[in-house]
Structures are given as C-alpha cells and as structure tokens.
Amino acid sequence: MEKMLKMSSRNLDFYYGDFKALHAVSLDFFDKQVAALIGPSGCGKSTFLRCLNRMNDLIPISRVEGDILLDNENIYDPKVDVVSIRRRVGMVFQKPNPFPKTIFENVAYGLRVIGIKDQSFISQRVEESLYHAALWDEVKDRLHKSALGLSGGQQQRLCIARALAVEPEVLLMDEPASALDPIATQKIEELIHELKKNYTIIIVTHNMQQAARVSDVTAFFYMGKLIEVDDTETLFTRPKFRQTEDYITGRFG
Ligand SMILES: Nc1ncnc2c1ncn2[C@@H]1O[C@H](COP(=O)(O)OP(=O)(O)OP(=O)(O)O)[C@@H](O)[C@H]1O
C-alpha cells in the first residue's frame with residue numbers, strides 16, 4: 001500500500017535564545033505509521049517533538065526557522081490558528097497529568113473547550129475515547145470518581161483518551177511509559193499498536209527496545225541533528241552511520 005505523507009519538517013532550526021538546539025532537521029512522517037525518535041539525553045528529541053504542535057511557542061525566548069507541514073500546510077504560517085493545530089496534533093507527556101477532576105470530565109474537557117454542549121454527544125465521545133485508550137472496562141463503573149484515584153498506568157491511558165476525544169490526526173508521545181512499571185508499559189505499547197490503525201504516531205523514547213517494539217521507522221538524533229532515519233529494523237540491524245551504531249550498541253548515551 002502506498003504510504004501517505006502526513007507531516008514533515010523541512011530544514012528546521014530551533015533556538016532557545018542564542019543556543020541552537022536543532023540544526024536543519026528534515027524528516028517525514030507517514031499516515032498510520034509509528035515513528036520513534038531516539039538519541040542521547042539533550043540531543044533535541046523533545047524540542048523537535050514540541051515543534052510539531054507548536055508547544056514550543058509557549059517558551060518566550062524560543063525561535064523557529066524552517067517549515068513544518070501538516071497535510072502540506074505550514075503550521076508556522078501566521079494565518080494558521082494554533083488551537084486548531086493542537087487539536088489536530090495531540091500530545092501525551094512523560095508524566096501522566098490528569099486534571100483534578102472526574103474521569104469523565106478529564107476526557108470531556110477538550111470537547112467543552114471547543115464549545116461542544118450536546119451532553120449525549122459528549123457522553124458518547126467520552127465512552128469511545130476511553131474504549132480506544134483501552135481503559136473503558138476498568139473505569140466504566142467509576143466515571144464520576146476522581147481521576148487522581150487511578151494507578152499511574154491508568155492515568156496515562158486516561159491522558160491518551162483525553163487526547164483522542166477531540167479526534168486528532170497525529171499523536172505525539174513524549175516518553176509516555178517512562179514513569180510506568182513494566183506491565184503498564186506493555187499496555188501502553190499494545191495500545192500504540194492499536195492506535196496506529198487510525199493515527200500517525202510520533203514517540204520519543206529513551207528505551208531502544210521499546211522503539212524496536214513499537215515503531216515502523218526510527219530517527220536517530222545527536223547534538224541537535226538528525227543523523228539517520230530508516231525502517232526500524234534496518235536502523236537497528238544495519239545502521240549507516242558510526243554515531244548511530246555507537247548509540248544503539250550502547251557505546252554512549
Ligand atoms: N526551555 C529551555 N530553555 C533553554 N534550553 C533548553 C530548554 N529546553 C531544552 N533546552 C536545551 O535544548 C537541548 C535539547 O533538549 P531536549 O529536551 O529537546 O533534549 P532531549 O533529547 O529530549 O533530552 P532528554 O532525552 O534528556 O529529554 C538541551 O541542550 C537542553 O538543555
């Protein structure tokens with residue numbers, strides 16, 4: 001099947017004040033694929049991820065040069081509405097960050113923000129989102145209890161449900177399992193496998209086994225540069241560059 005280009009960065013430079021954190025990164029992401037971003041601490045993975053839904057706009061000293069295209073439209077074009085970009089490109093963070101509200105209200109939150117008032121529509125979307133985040137069975141009898149009573153792994157799946165509720169096209173995940181135990185991590189990995197049937201997923205991970213398990217393509221970053229991107233299996237078995245090989249064989253990082 002022909003892969004469809006969903007998102008891409010073109011010659012992306014990123015600065016925190018005078019510090020250049022990304023150097024001319026050009027990278028393509030295809031529809032219904034999982035891409036993993038790997039590399040040693042500080043290489044710019046999270047910075048790059050946050051550029052993809054303009055989360056870095058919130059950092060006053062930051063500056064972006066180059067383009068990021070979503071369905072061929074530059075998301076940094078001044079005409080573009082940032083809120084609509086963040087709706088289309090959802091994000092899940094390293095530490096589960098549910099709001100101190102009920103499980104139901106956490107998932108309904110984004111729908112209320114965009115002005116949806118129809119209660120039966122909201123209820124239906126909450127149920128669907130929890131179902132797609134593989135959490136419905138565990139919470140269906142306690143929807144109106146606090147989200148803070150859930151386990152860490154459940155909270156992270158709740159955050160995924162919250163992101164799914166507004167029907168994003170792309171899902172960004174910044175080390176979504178690094179704060180979780182092995183069983184909760186496995187559930188998140190299985191979930192990623194299911195979600196890629198409907199979404200483009202881009203995941204930052206420190207865990208190379210995880211990248212190998214969940215992703216179709218892997219991109220290796222080093223010191224703010226994209227060194228190499230390839231099919232995950234190829235990158236992990238026949239990397240083209242010395243730095244990639246050194247990293248994946250554990251010589252540094
Ligand atoms: N808000 C900020 N202000 C200034 N510099 C920053 C900021 N955030 C990140 N940096 C710097 O930008 C570089 C890239 O950081 P980034 O967090 O993107 O790396 P990373 O590869 O995701 O690292 P890690 O795996 O440790 O999370 C680092 O040198 C970091 O110190």
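Analyst: A residue is buried if 20 or more other C-beta atoms, placed from the backbone, lie within 10 Å of its own, exposed if 12 or fewer do, and partly exposed in between. This is a predicted model, in which local features need pLDDT of at least 70 and side-chain atom pairs count only at pLDDT 80 or more, while totals for chains, interfaces and linings use all residues. Residues are numbered from 1 along each chain as its sequence is written.

User: Is Gly90 buried or exposed?
Analyst: Gly90 is placed in strand β6, residues 89-92 (strands are DSSP runs of E with at least two residues, helices of H or I with at least four, numbered from the N terminus). Because Gly90 has 23 C-beta neighbours inside 10 Å, Gly90 counts as buried.

User: Which residues is Gly90 in contact with, leaving aside its neighbours within four places in sequence?
Analyst: Contact requires C-beta atoms within 7 Å. With those sequence neighbours left aside, the partners of Gly90 are Ala163, Val166, Pro168, Leu171 and Leu172.

User: At roughly what angle do the axes of α3 and α4 cross?
Analyst: The residues of α3 that meet α4 are Phe104, Val107, Ala108 and Leu111, and on the side of α4 they face Ile122, Arg125, Val126, Ser129 and Leu130. The axes (lines fitted to C-alpha atoms over the stretch in contact, with angles from 0 to 180 degrees between N-to-C directions) of α3, residues 103-113, and α4, residues 119-132, come within 9 Å and cross at roughly 115°.

User: Which element gives the most residues to the shell around the ligand?
Analyst: Of the 13 residues around the ligand (C-beta atom within 6 Å), Tyr16, Ser41, Lys45, Ser46 and Thr47 come nearest. Two or more residues are given by β2 (19-30) and by α1 (45-51). The element that gives the most, with three residues, is α1.

How values were computed: Two residues are in contact if their C-beta atoms, placed from the backbone, lie within 7 Å.
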